[in-house]
Amino acid sequence: MSLLERKLLQLALLVVIWSVVMKTVSGDCCRKPFRDHCRDCTPGTPCCGIKKCNIFCCGCKCRTEPRGKHCFERGTGCRCYNAKRKRRHVSNDTTDISAYLTFIGLDINKNGIMEECEFKKALEHMHITDNMTVLHHWSIMDEDKDGIISMEEFDRQK
C-alpha cells in the first residue's frame, strides 16, 4: 500500500469517526452570557444549566430568556423587559459553544478521550487545584471508572 493510499484511508477513517462522534453530542455548554447572570437573570453558579452541569458547564440544558422577555445585565443587577419595548441589543452569547468543541479543546493530545492529566490541567486553568475537588469531579465524570472520560461521558446530563 502506497503512502498516498494510507493517507487517504486514514482520512476516510477520521471522517467516519467524526461523523459518529458528532451524532452522539447533544448538549450545549452553558456558560454565563453576562458577567454575573444567566439569560433568565438568575445568578450563574457558575454555569447556567437547568439541571446539573459538569465542571466545564457542559452536558446540560441551558437556561433561556423568559418567553416574551429580553434580559440584560447592567452594573451588578439584571433586568428583564417585555419584548415589545425597544432597546439596544449587544450580544455576547457563549451558550452556542457545543460540548464537542469544548471537549476537543481540552483534549491536549487529540486522541479523542480525556485522560486524568488533561482533566487536571483543565481544572488548573480554572484555578481549581485542590486534589480532593479534582478527584471528586473526576469520579463524577468518569462514570464507567475506566480511567478516561469519553465524549459521551463528558456530554452526558448528570
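Which cysteine does a disulfide join to cysteine 30? Keep that in mind as you open the structure, which is a predicted model.

**Stop 1: cysteine 30 and its partner**

Select cysteine 30 and cysteine 62. A disulfide joins the two, with an S to S distance of 2.0 Å. A disulfide is a covalent bond between the sulfur atoms of two cysteines. Now look along the S-S bond. The torsion of cysteine 30 and cysteine 62 there is about -90 degrees, so this disulfide is left-handed. Next, colour the strands. Cysteine 30 sits in the loop between strand E1 (28-29) and strand E2 (58-60). Cysteine 62 sits in the loop between E2 and strand E3 (69-74). The pair therefore ties together parts that are 32 residues apart in sequence. Are these two cysteines buried or exposed? Cysteine 30 and cysteine 62 are both buried.

**Stop 2: cysteine 41 and cysteine 78**

Select cysteine 41 and cysteine 78. A disulfide links this pair too, with 2.0 Å from S to S. The torsion about the S-S bond of cysteine 41 and cysteine 78 is -65 degrees, and the link is left-handed. Find cysteine 41 in the loop between E1 and E2. Then find cysteine 78 in strand E4 (residues 77-82). Show the surface next. Cysteine 41 has a relative accessible area of 18%, so cysteine 41 counts as buried, since buried means under 20%. Cysteine 78 has 23% relative accessibility and counts as partly exposed.

**Stop 3: cysteine 53 and cysteine 60**

Select cysteine 53 and cysteine 60. Their sulfur atoms are 2.0 Å apart and form a disulfide. Is the link of cysteine 53 and cysteine 60 left-handed or right-handed? With 90 degrees about the S-S bond, the link is right-handed. Cysteine 53 and cysteine 60 are both buried.

The count for the model comes to 6 disulfides. The tour has shown some of them, including the pair of cysteine 53 and cysteine 60.

**Stop 4: cysteine 117**

Jump to cysteine 117. Its relative accessibility is 48%, and cysteine 117 counts as partly exposed.

**Stop 5: a leucine patch**

Finish with helix H1 (residues 3-24), where leucine 11 is found. Select Leu4, Leu8 and Leu11. What do Leu4, Leu8 and Leu11 form on the surface? They form a nonpolar patch, with about 330 Å² of accessible area together. Zoom in on leucine 11. Its relative accessible area is 51%, so leucine 11 is exposed, as exposed means over 50%.

Notes
Residues numbered from 1 in each chain as written. Predicted model: local features only at pLDDT ≥ 70, side-chain atom pairs only at ≥ 80, totals over all residues. Heavy atoms only, no water. Disulfide = S-S within 2.5 Å. Helix = DSSP H or I, 4+ residues; strand = E, 2+ residues; numbered from the N terminus. Buried < 20%, exposed > 50% of the residue type's maximum accessible area, 1.4 Å probe, protein only. Patch = residues over 30% accessible without salt bridge, like charges linked within 9 Å, V, L, I, M, F, W, Y side chains within 5 Å. Areas by Shrake-Rupley, 256 points an atom, 1.4 Å probe, with all protein chains shown as cover. Salt bridge = Lys/Arg side-chain N within 4 Å of Asp/Glu carboxyl O.
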